[in-house]
Amino acid sequence: MNVKPQPIPRHHHPLQETPASSHIVEIKTEIRDEQAVRAACTRLQLTAPEHKTVRLFNATAKGLCVQLPGWQYPVVANLQAGQLQYDNYNGHWGEQSRLNQFLQAYAVEKARIEARKSAHQEAVYICDSCGEEIVVPVDISAGAHQDYVEDCPVCCHPMTLHVEIGDDGEAHVEGEHE
Ligand SMILES: [Zn+2]
């Protein structure tokens, strides 16, 4: 299965309009986080990605290179542009499912990294004494249900705050008059 298709001589195939060099695929992704790329490679037991310039058949690409299993050429991520370049020749040089699996692993690892970063969140409640919108910091690690008393920073009325952390990691706060 690793037979490399040769470029088709154009004079033999006048209907072949696409030159063989143009099958590099560029896709727009949100792949911008090197740490998450590395974690995705670890998760899929791939070799660690490397920053380099590589040949993709008869063109070159530069970026963070990920070698997918069974792929003839690496997938090249341009982290600044959030762009992936690869040449799997419509699946002949590498299974598309391997790339999809990598993109999925990246998304999971990226979400994990973000979740760790946002251990401290902010939530908003409306003070029912003065009607102001109040932003409070929430420590997610303190538990999914938190109750505490805090004075409204606008009208100084003590409020009991009920904090609920949803399954999505979002904090919701309700304020109640003491
Ligand atoms: Zn208030």
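1. Strand β2 pairs with strand β3 (residues 59-66) through seven bridges, in the antiparallel sense. Pairing here requires at least two DSSP bridges between two strands. Strands are DSSP runs of E with at least two residues; helices are runs of H or I with at least four; both are numbered from the N terminus. Within this pair, Thr 53 has Lys 62 of β3 as its bridge partner.

2. A word on the source. This is a predicted model, in which local features need pLDDT of at least 70 and side-chain atom pairs count only at pLDDT 80 or more, while totals for chains, interfaces and linings use all residues. Residue numbers start from 1 along each chain as its sequence is written.

3. Next, the core. The largest nonpolar core has 21 residues; Val 37, Val 66, Val 75, Val 76 and Ala 77 touch the most other members. Such a core is a set of buried Ala, Val, Leu, Ile, Met, Phe, Trp, Tyr and Cys residues joined through C-beta atoms within 7 Å. At least two residues of this core come from each of α1 (34-43), β3, β4 (75-78), β5 (83-86) and α2 (96-117).

4. Val 37 deserves a look. Apart from neighbours within four places in sequence, Val 37 contacts Ile 31, Pro 49, Leu 64, Val 66, Ala 77 and Tyr 106. Contact means C-beta atoms, placed from the backbone, within 7 Å.

5. Thr 42 is also in helix α1. Thr 42 is exposed, because 12 other C-beta atoms lie within 10 Å. The scale uses C-beta atoms placed from the backbone: buried is 20 or more others within 10 Å, exposed 12 or fewer, partly exposed in between. Thr 42 and Ala 105 are 63 residues apart in sequence, yet 9.6 Å apart in space, C-alpha to C-alpha.

6. β8 (residues 145-151) and β9 (residues 158-165) run antiparallel, joined by seven bridges. Val 149 has Thr 160 of β9 as its bridge partner. Their hairpin has six residues between the strands, and Cys 156 takes a positive phi near 65 degrees.

7. β9 also pairs with β10 (residues 171-177), antiparallel, over seven bridges. Here His 172 of β10 is the bridge partner of Glu 164.

Definitions and conventions
Contact = placed C-beta atoms within 7 Å.
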